[in-house]
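The report below describes one protein model for a reader who works with coordinates.

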Amino acid sequence: MANKASVSEAEVEGRLARLGDLRRAIATAIVGQEDVVEQLLIGLLAGGHCLLEGVPGLGKTLLVRTLGEALELDFRRVQFTPDLMPSDILGTELLEEDHGTGHRSFRFQQGPVFTNLLLADELNRTPPKTQAALLEAMQEKTVSYGGKTHQLPRPFFVLATQNPLEQAGTYPLPEAQLDRFLLHVRVGYPSAAEERDILSLTTGSAGGAVPRVMDADDVLAMQGWVRDVHLSDDLLEWITTLVRATRPGDGGAPPAVASYVRWGAGPRAGQALVLCAKARALLHGRLAATREDIAALAAPVMRHRLLMSFAAEAEGKSADDVVAALLDHLPPPAA
């Protein structure tokens, strides 16, 4: 790891050990959802944003709030509605008067986006103008207002949710904004045993506080270490081949792509898959990414970056089906 010269080996091992403590801290309030928790932690370590999709009542808001408490990060939640304006998220300028001199000046009042962990609840329920207000914040981690650029706190992590069932009164996210999300995380129903535990946990006496195991400095340090995790040249070539094969007309594309995909993933998908594979390796205590890391994250990285065709909708084929076909058609390089 390139930057280990500036830190001791004990510090590296200590901070990596806290990732296990973080999982256990989240488990004090969240039952099950191990894959969802892992993908959120991967997004956090990779320095990207996550889009969570699931029906109401699956604990998405509680999960994000618990993550913020365990990380000692500032957390804010914005409920997106059709009447929400960009200034409700970014902030606005207030006219203030100095009573001593009578001098008037504008002061920027920061909006809820100035936080470490922002839950954008039901992002697809607000019009495109307000959706677009998040684009600069997500990509540049800044807010421009009144000719001035304001830096957002570090780390800055957006977790947006959308309901896959109710489409009336919604504004689907444009492809350009979907591409800004590092991962598209599917939140499914719990198992029978997990649902029983949820009922027991949430209908009795209030539980204890979520233990705080990491802080912003720990997160920033590990985000830097992620980029130093080793990824071999043959795995980098495999990622490149997988991403390019999602594009109809590419020579290496499987039949499923030609039949069900209108537009494939762009280069940002490859960047995301590399970073996420490295982050998953670090999360599991390894300093080198493996084929399993890439295969496990191919669907969350690419499912929102594939524009499916009408034939796919008619035949009930999803982006996940296409990614599975890709992995079968283009197996990983030999170990």
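Which residue in S9 is the bridge partner of Cys-50? The bridge partner of Cys-50 in S9 is Leu-183.

This is a predicted model, in which local features need pLDDT of at least 70 and side-chain atom pairs count only at pLDDT 80 or more, whereas totals for chains, interfaces and linings use all residues. Residues are numbered from 1 along each chain as its sequence is written, and side-chain values use heavy atoms, with hydrogens and water left out.

Helices (H or I, at least four residues) and strands (E, at least two) are taken as DSSP runs and numbered from the N terminus, and two strands are said to pair if DSSP finds at least two bridges between them. Strand S1 covers residues 50-53. S1 pairs with strand S8 (residues 157-162) in the parallel sense over four bridges, and Glu-53 has Gln-162 as its bridge partner in S8. S1 is also joined to S9 by four bridges, and these two strands run parallel.

In a regular strand the side chains alternate between the two faces of the sheet. In S1, Cys-50 and Leu-52 point one way while Leu-51 and Glu-53 point the other way, and all are buried. Here buried means under 20% relative accessible area, exposed means over 50%, and partly exposed lies in between, for a 1.4 Å probe and protein chains only.

**Nonpolar cores**

A nonpolar core is a set of buried Ala, Val, Leu, Ile, Met, Phe, Trp, Tyr and Cys residues joined through side-chain atoms within 4.5 Å. The largest one has 83 residues, of which Leu-159, Leu-183 and Ile-294 touch the most other members. Helix H11 (residues 267-283) gives the largest share of this core, 11 residues. A second, separate core has 24 residues, including Met-138, Val-143, Phe-156 and Val-158.

Leu-183, the S9 partner of Cys-50, can be followed further through its contacts, where contact means heavy atoms within 4.5 Å. Leaving aside neighbours within four places in sequence, the contacts of Leu-183 include Ile-42, His-49, Cys-50, Leu-51, Cys-276, Leu-297 and His-304.

**The largest pocket**

Rolling a probe the size of a water molecule over the atoms shows where empty space is left. On a 1 Å grid over the protein atoms alone, a pocket is an open set of points where a 1.4 Å probe fits, with protein on both sides within 12 Å along at least five of seven lines, and lining residues have an atom within 4 Å of a point. Grid points are joined across faces, edges and corners, and a volume is the space filled by probe spheres set on the points.

The largest pocket holds about 970 Å³ of space. Its lining has 31 residues, of which Glu-175, Leu-178, Arg-303, Leu-306 and Leu-307 lie nearest the centre. Helix H6 (175-178), strand S9 (183-186), strand S11 (307-308) and helix H13 (310-315) are the elements that give two or more residues to this lining. By class, the lining has 13 nonpolar, 10 polar and eight charged residues, with Ala, Val, Leu, Ile, Met, Phe, Trp, Tyr, Cys and Pro counted as nonpolar, Asp, Glu, Lys and Arg as charged, and the others, Gly among them, as polar.

The peptide bond from Arg-154 to Pro-155 is cis, with omega near -10 degrees, and Pro-155 lies in the loop between strand S7 (148-151) and S8. Phi is near 55 degrees in Glu-72, a positive value in a residue other than glycine, and Glu-72 sits in the loop between helix H3 (60-71) and strand S2 (75-79). Glu-122 likewise has a positive phi near 55 degrees, in the loop between strand S5 (117-121) and H5.

The table lists relative accessible areas for some single residues.

| Residue | Relative accessible area | Class |
|---|---|---|
| Glu-38 | 13% | buried |
| Glu-122 | 22% | partly exposed |
| Gly-188 | 34% | partly exposed |
| Glu-72 | 42% | partly exposed |
| Gly-146 | 59% | exposed |

Glu-38 belongs to helix H2 (residues 34-46) and, not counting residues up to four places away in sequence, touches Arg-23, Arg-280, Leu-283 and His-284. Gly-146 is in the loop between strand S6 (142-145) and S7, and its C-alpha is separated by 8.0 Å from that of Glu-93, 53 residues apart along the chain.
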